[in-house]
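This report goes through a few features of one protein model. Please look over the sequence and structure before reading on.

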Amino acid sequence: MAFINHHLDVEMVSVFGILGNIVSFLVYLAPLPTFLRIYKKKSTEGFQAIPYIVALFSAMLTLYYGMLKTNGVWLITINTIGILIESAYILLFMIYAPKDAKKFTATLLFVLNGAVFGTIILTTLKFSRGHDRITIVGWICAVFSVCVFVAPLSIMRLVIRTKSVEFMPLSLSFFLTICAVMWFFYGVLSHDLFVATPNVLGFAFGILQMVLYLIYKDKKKHGIQPITNIDVEMQVDQQHVIPSVEKTDFEMPEDDIKKNSKIDSGKTEADHQEVVVSVVITDHDGNEAHVHCNTILAVEY
């Protein structure tokens with residue numbers, strides 16, 4: 001009976017290891033549309049490489065842990081693939097990024113993926129042996145995994161503040177949650193708490209992200225709609241009022257100003273008049289926004 005239970009556990013570890021590999025692979029491919037866009041436009045368009053450098057570091061660290069432990073084949077396979085994919089993303093970013101972004105990315109790569117990762121390998125190989133080495137590296141992986149899972153808090157805060165899910169797609173949140181579930185059961189069945197424990201947090205944050213998506217998915221993006229109409233009224237004096245005009249920018253129509261202004265070319269000194277400018281901004285639905293501007297200008301002509 002004990003042999004059967006052990007054999008069943010081994011089989012289930014393989015099942016969840018394979019499922020974890022498949023879902024993690026899909027998560028690694030999630031940024032692909034972004035990088036296809038960068039390739040087509042030959043520009044990084046303000047995107048940053050920090051998430052991909054962190055993901056590369058995480059894959060390298062977990063690969064090292066998988067190579068140290070017994071039966072870590074499923075950790076080795078997916079993190080080897082992850083290293084290749086993240087490296088391709090970073091390489092493409094470096095090709096099309098502006099000079100300052102390239103310099104920052106190269107520096108971060110050297111510090112995190114070079115110096116820090118190299119220090120972890122050298123110190124654990126030098127000052128630890130056998131099970132102690134696995135435990136130390138496992139703790140490092142667990143702590144870093146917790147930091148990675150906590151990172152979406154900034155995105156969730158942005159969703160709550162802007163009432164928009166534009167920067168938190170449901171598909172990514174869903175696959176991250178499923179990924180956490182697969183690796184949690186893999187860790188439990190293989191008696192690896194360094195893998196199982198951080199994924200409890202990953203599952204919790206994944207569920208929270210999907211709940212936030214359901215709450216805010218029908219809200220207006222960023223809490224407001226783009227400006228589509230600006231009413232401008234100019235009152236030159238009590239008798240002359242320039243009619244409102246509809247514009248999608250802030251330029252004042254020159255013809256209206258000339259039409260309603262009287263210029264006496266015989267005067268040697270410039271005349272001055274006070275002009276009251278009133279600006280009212282409306283949103284996409286025609287609702288008047290809480291933005292008004294009443295300014296008195298001194299017009300010289």
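The model is predicted, and it holds one salt bridge. The partners are the side chains of Lys 69 and Asp 192, with a distance of 2.6 Å from N to O. Lys 69 lies in the loop between helix 3 (50-68) and helix 4 (73-96), while Asp 192 lies in the loop between helix 8 (170-189) and helix 9 (193-216), so the pair ties together parts that are 123 residues apart in sequence.

Buried means under 20% relative accessible area. Lys 69 has a relative accessibility of 13%, so Lys 69 counts as buried. Asp 192 is buried as well, because its relative accessible area is 4%.

## Helix 6 against helix 9

Helix 6 (residues 130-150) packs with helix 9 at an angle of about 5°, and the two axes are 9 Å apart. Angles under 35 degrees count as roughly parallel, so helix 6 is roughly parallel to helix 9.

On the side of helix 6, the contact is made by residues including Thr 135, Trp 139 and Phe 149. Helix 9 contributes, among them, Phe 194, Asn 199 and Phe 205. Sorted by class, this contact has nine nonpolar residues, five polar ones and no charged ones.

## Thr 105 in helix 5

Thr 105 lies in helix 5, which covers residues 99-127. Is Thr 105 buried or exposed? Its relative accessibility is 3%, so Thr 105 counts as buried.

Apart from neighbours within four places in sequence, Thr 105 is in contact with Ala 49, Ile 53, Ile 90, Phe 93 and Met 94.

Methods:
Residues numbered from 1 in each chain as written. Predicted model: local features only at pLDDT ≥ 70, side-chain atom pairs only at ≥ 80, totals over all residues. Heavy atoms only, no water. Helix = DSSP H or I, 4+ residues; strand = E, 2+ residues; numbered from the N terminus. Buried < 20%, exposed > 50% of the residue type's maximum accessible area, 1.4 Å probe, protein only. Contact = heavy atoms within 4.5 Å. Salt bridge = Lys/Arg side-chain N within 4 Å of Asp/Glu carboxyl O. Axes fitted to C-alpha atoms, helices over the stretch in contact; angles between N-to-C directions. Parallel < 35°, antiparallel > 145°, perpendicular 65-115°, else oblique. Nonpolar A, V, L, I, M, F, W, Y, C, P; charged D, E, K, R; others polar.
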